[in-house]
Structure formats: structure tokens, C-alpha cells
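Here's a quick briefing to read alongside the model.

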Amino acid sequence: MRKVDPEKVEAKRRQILDAAIDCFARQGFHGTSTASICAAAGMSPGNLFHYFPTKASIIEAIAQDEQLATAEIFEKWSGAEDALTAIEEIVVEWMRLASEPTYARISIEVGAEASRNPDIKALFLVNDQRVKGRMITLIERGIRQGAIDAALAPDLLASWLIALAEGAVGRVVFESKFDLSAHEPVFRRIVRRTLQK
């Protein structure tokens, strides 16, 4: 019996997902065939289907990877003593992620597909609700610490912080010379001034 090497399995899985993300970003979900993903990944359909039986399972894996990436950002900062600093750093890290060109294009594709397809919407909504919940918890902690304006409703504030960070997606797509390093100091100032008393 052949022993399965988990590292090789993960490398193949990553190879397929990276190829699929690139195809989805360029051609959209509907415009991307499994054949085009196979070609981009440099593998046969049989090999691809061994890891992902359908195109929908690839999209589901992308959603799960997004959940893990977001959880890692929260884990890195949510234990910080100063909730305001934690929120600022989390939102800045989201902005950095959202301003990566391939991520920006795939995010727009996900949003468009989610508006048409309830199954895709449900996949990504789970992560969105989890992110918002964790952000509300941090905001409430910041209010208790006296660092965040108690007049701001935590649930509304969480929605706008997420929207602010994710706005980098549109800037990358529509501003060809969008320079993250130039925008980051302004972004940090906006976040702090919005939150503080």
C-alpha cells in the first residue's frame, strides 16, 4: 500500500487552487472551464478531479482558504492589550491583502457571482459574519478600555471598517497607479480618527 505524503498532497492542492484563482480572476467563474484550470495547473482532468471533483468544490476551497487567512490576521492581533491598535493593524492588513491585484480581481468576481448565486453567497457569507463578529468583540473591548467612542454602534462600525479595508479592491482595479505605501499612513489616520473619542 502506497503511503500518502501530506506535503505533496498539499502542494498539488495549492497548485490547482492557484491556477483556478488566476483563471477565475481573468475569465470569471462561468468563463472558466475545468479544462482551462487543468491547462493552467499543468495536469490532466483525472488528476485534478482526484483533488477537486467539481468546479464548485474548488470555489468552496477558495472560500475556506479565505477564512483561514482572515483567522490568522485576527489571531495575530486580537490578543493585543490595546484594542484600538489591534483594530487598526487588522484593518491595515486587510487593506494590504485586498490591494494585491489577483486578490482584488477575484474579490470582484466573487461579489458578482454571490449576487447571482445563493450557494456562492452562502459560502462567503459564513466568513463575512465571523469576521464581523470578531471585529464587534474588539470594538466593544476598545469601548470598555475608553479608547473607542462609545457613541458609535459596534455592529455598524464593524461593517464600515470592513468596507473601508475592502475598498482597496476597487482602487486597485480602477487606479492603475494605486500605491499602497502612499495610502497606508492616510488610511491609518482615518481609522484612528473614526474610532477615537
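In this predicted model, the axes of α1 and α2 come within 8 Å and cross at roughly 125°. An angle between 115 and 145 degrees is neither roughly perpendicular nor roughly antiparallel, so α1 and α2 are oblique to each other. The crossing of these two helices is right-handed.

**Where α1 and α2 touch**

- On the α1 side, the contact is made by Q15, I16, A19, A20, C23, F24 and Q27.
- Their partners in α2 are S36, I37, A40 and A41.
- Sorted by class, that contact has 8 nonpolar residues, 3 polar ones and no charged ones.
- A handy bit of helix background: there are 3.6 residues a turn, so residues three or four places apart point the same way.

**A closer look at α2**

- Helix α2 covers residues 34-41, and its buried residues are S36, I37, C38 and A41.
- What do those buried residues pack against? The neighbours are α1 (6-31), α3 (45-51) and α4 (55-77).
- Just past the end of α2 sits G42, with a positive phi of about 70°.

**Cysteines**

- How many disulfides does the structure hold? The count is 0.
- C23 is in no disulfide, and the nearest cysteine sulfur to its own is that of C38, 9.6 Å away.

**The protein as a whole**

- The secondary structure comes to 10 helices and 0 strands, so the pattern along the sequence reads α-α-α-α-α-α-α-α-α-α.
- The chain has 197 residues, and 38% of them count as buried.
- Taken along the principal axes, the C-alpha atoms fill a box of roughly 60 × 45 × 30 Å.
- Among contacts between residues at least 6 apart in sequence, 70% join residues at least 24 apart.

Conventions. Residues numbered from 1 in each chain as written. Predicted model: local features only at pLDDT ≥ 70, side-chain atom pairs only at ≥ 80, totals over all residues. Heavy atoms only, no water. Disulfide = S-S within 2.5 Å. Buried < 20%, exposed > 50% of the residue type's maximum accessible area, 1.4 Å probe, protein only. Helix = DSSP H or I, 4+ residues; strand = E, 2+ residues; numbered from the N terminus. Contact = heavy atoms within 4.5 Å. Axes fitted to C-alpha atoms, helices over the stretch in contact; angles between N-to-C directions. Parallel < 35°, antiparallel > 145°, perpendicular 65-115°, else oblique. Left-handed = near helix turned anticlockwise from the far one by under 90°. Nonpolar A, V, L, I, M, F, W, Y, C, P; charged D, E, K, R; others polar.
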